Amino acid sequence: MFQILEKVLKRKTDVNDNTLKKIVSYFKIIHTKRNQILLTSEEVCQNYYFINKGCIRLFTISKDGNDNSRFFAFEENFATALPSFIDQKPAEEYLQTIQNSELLVISRTDFYHLVNTLPEFAKLYTEILENGFIMAQKRIYGFQGFDAKEKVKWIIKHQPKLLLNVSNKMVASYLGISASTLSRVKSKL
């Protein structure tokens with residue numbers, strides 16, 4: 001159950017087997033149902049997740065009740081409500097599995113213990129933060145001035161798993177377009 005995490009850790013860090021076992025020992029496995037909420041907007045985030053199988057979505061709900069998807073994480077990736085995880089204030093967003101998922105979870109206390117005691121884990125955390133920042137910047141700058149077709153093409157190029165594994169409604173909210181517009185654009189590509 002921890003083989004995928006071990007593979008990712010070995011690929012992303014220069015970690016020996018003893019350190020790898022130590023890191024993995026802090027994670028617990030959980031199984032979730034489709035659309036299970038892991039964190040509500042009023043809660044303070046206490047966990048970091050690694051996705052073995054499935055997908056996690058980070059989203060907000062507008063005053064008119066519409067979901068606004070902000071981030072998706074698939075297999076072999078980490079996910080959390082990072083601002084809340086770091087500053088320990090209410091999340092103001094939701095964390096949800098959108099498929100039946102198998103997740104490895106580590107508490108905030110254990111996560112920061114590893115960051116502070118194992119340089120290999122600190123390096124991994126830095127890489128997670130940097131890659132997340134880069135993808136967010138690409139999305140922001142990529143979407144500026146894009147019409148719906150250009151946004152969908154951007155998703156196909158940079159995040160192809162979205163169109164294959166996520167509902168049109170969720171992808172549309174991520175792109176800032178309607179689900180019907182997304183369907184129409186997809187049919188023409």
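First, some ground rules. The model is predicted, so local features need pLDDT of at least 70 and side-chain atom pairs count only at pLDDT 80 or more, while totals for chains, interfaces and linings use all residues. Residues are numbered from 1 along each chain as its sequence is written, and side-chain values use heavy atoms, with hydrogens and water left out.

Let us start with the rings. A search of the whole structure finds 12 aromatic pairs. Rings of Phe, Tyr and Trp (for Trp, the six-membered ring) pair if their centres lie within 6.5 Å; planes under 30 degrees apart count as stacked, over 60 as edge-to-face and the rest as tilted. Tyrosine 48 and phenylalanine 85 are edge-to-face, because their ring centres are 5.0 Å apart and their planes stand at 85 degrees. This pair links distant parts of the chain: tyrosine 48 is in strand E3 (residues 47–53) and phenylalanine 85 is in helix H3 (residues 82–87), 37 residues apart. Helices (H or I, at least four residues) and strands (E, at least two) are DSSP runs, numbered from the N terminus. Both tyrosine 48 and phenylalanine 85 are buried. Buried means under 20% relative accessible area, exposed means over 50%, and partly exposed is in between (1.4 Å probe, protein chains only).

Phenylalanine 111 and tyrosine 125 also form an edge-to-face pair, since their ring centres are 5.0 Å apart and their planes are at 85 degrees. Phenylalanine 111 lies in helix H4 (residues 108–117) and tyrosine 125 in helix H5 (residues 119–143), so this pair ties together parts that are 14 residues apart in sequence. Phenylalanine 111 has 1% relative accessibility and therefore counts as buried; tyrosine 125 is buried too, with a relative accessible area of 10%.

Now look at the sheet around strand E3. Four strands make an open sheet in the order E1-E8-E3-E6, with antiparallel pairing; two strands pair if DSSP finds at least two bridges between them. At its edges are strand E1 (28–32) and E6, each pairing on one side only. Six bridges join E3 to the antiparallel strand E8 (residues 101–107), and tyrosine 48 stands opposite isoleucine 106 in E8. Two bridges join E3 to strand E6 (residues 78–79), again antiparallel, with phenylalanine 78 as the bridge partner of phenylalanine 50. Five of the seven residues of E3 are buried, so this strand is largely enclosed by the rest of the structure. Helix H4 lies across E3 and E8, running at about 70 degrees to E8. Axes here are lines fitted to C-alpha atoms, for helices over the stretch in contact, and angles run from 0 to 180 degrees between N-to-C directions.

A further open sheet has four strands in the order E2-E7-E4-E5, and its pairing is antiparallel. Strand E2 (36–39) and strand E5 (67–74) are the edge strands, each pairing on one side only. From one strand to the next, the twist averages 30 degrees. Helix H8 (residues 168–175) packs on this sheet, touching E4, E5 and strand E7 (94–97), and its direction makes about 105 degrees with that of E5. Contact means heavy atoms within 4.5 Å. Seven bridges join strand E4 (residues 55–61) to E5, and isoleucine 56 has alanine 73 as its bridge partner in E5.

In strand E5 you will also find phenylalanine 74, which counts as buried because its relative accessibility is 8%. Leaving aside neighbours within four places in sequence, the contacts of phenylalanine 74 include Ile51, Cys55 and Leu162. The C-alpha atoms of phenylalanine 74 and isoleucine 51 are separated by 6.3 Å, although the residues are 23 apart along the chain.

The largest nonpolar core has 37 residues, of which Leu5, Ile23, Phe27, Ile56, Phe111 and Phe121 touch the most other members. A second, separate core of 20 residues includes Phe143, Ala148, Trp154 and Leu163. A nonpolar core is a set of buried Ala, Val, Leu, Ile, Met, Phe, Trp, Tyr and Cys residues joined through side-chain atoms within 4.5 Å.
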